[in-house]
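I opened this notebook to record what I looked up in one structure. The entries follow the order in which I made them.

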Amino acid sequence: MNEAAASAGADPIQFRINHITDQRLIDILNAPPRPPDGSLDPRRAHAPRKTGNASVTGRGLCIVVRNNAYWVGIAEIAVTPSTGAVQVTSSPSVPTVARSSNPRQLDRSMKSGVVMGLSEALKEEVTFDKSKVTSTNWTRYKILTMEETPEIKVVQISRDDKGFGGGSEAANALGPPAVAAAFFDATGVHARRIPLTPAYVTTLLKAPSRRP
């Protein structure tokens, strides 16, 4: 959907709203804290860039529907093309979890799930050779540090008329697609796998551009 919105030159939130009829999903798409310019529109002032020492920014969106709960997440990132470094600078997240019985615990679960998802997007990688998994200890299996963890904004929408639903694990799934969409917004390059490590990003940005 992000790629389709980009091809259409449309705001990815409005693009989804224009193509769905589920009011619950429309409501949650209108709920995330928006960037200062009020949009995720790829037609905004900056142009994608895949070279240079200065960082370039991007924004991306992801939706997850799981166990009678709807989730939307936005990732704002900064990419330094010359080094391949990707930093998530902000990650707003919004669920509508049907009936919310413990908002405080849901807030904690959402934020921890977002951190796990962003770690998967940027660092966590199962390595293996031809016969076995080689990432066999937690020292080599990296996750975000507290210093690397971005600001996480959370908005909860409780729908008491929808019964109960899952309210934690889905947050893990928001990070990777949102970061990948933000990476495309920043660089104009599609990342087809994760994590977006500096080595992988550098190789990706140096590869010849392909026509769709």
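The entries below go from the whole chain to single residues.

Entry one, the model. I note at the outset that this is a predicted model.

Entry two, secondary structure. I counted six helices and four strands in the protein chain. I then read their order along the sequence and wrote down α-α-α-β-β-β-β-α-α-α.

I looked up how much of the chain is covered: of its 212 residues, 44% count as buried.

I took the contacts with a separation of 6 or more and asked what share comes from residues 24 or more positions apart. The share in the protein chain is 68%.

I turned to strand β1, residues 56–66, and strand β2, residues 69–80. The two run antiparallel and are joined by 11 bridges. The hairpin of β1 and β2 has two residues between the strands. At N67 in this hairpin I noted a positive phi near 50 degrees.

Entry six, aromatic rings. I searched for pairs of aromatic rings with centres within 6.5 Å, and the count came to zero. I also looked for a charge over a ring, and R193 gave an example: its charged end sits over the ring of Y200. The distance to the centre of that ring is 3.8 Å.

Notes:
Residues numbered from 1 in each chain as written. Predicted model: local features only at pLDDT ≥ 70, side-chain atom pairs only at ≥ 80, totals over all residues. Heavy atoms only, no water. Buried < 20%, exposed > 50% of the residue type's maximum accessible area, 1.4 Å probe, protein only. Contact = heavy atoms within 4.5 Å. Phe/Tyr/Trp six-rings, centres within 6.5 Å; stacked < 30°, edge-to-face > 60°. Lys NZ or Arg CZ within 6 Å of the ring centre and 35° of its normal. Pairing = 2+ DSSP bridges.
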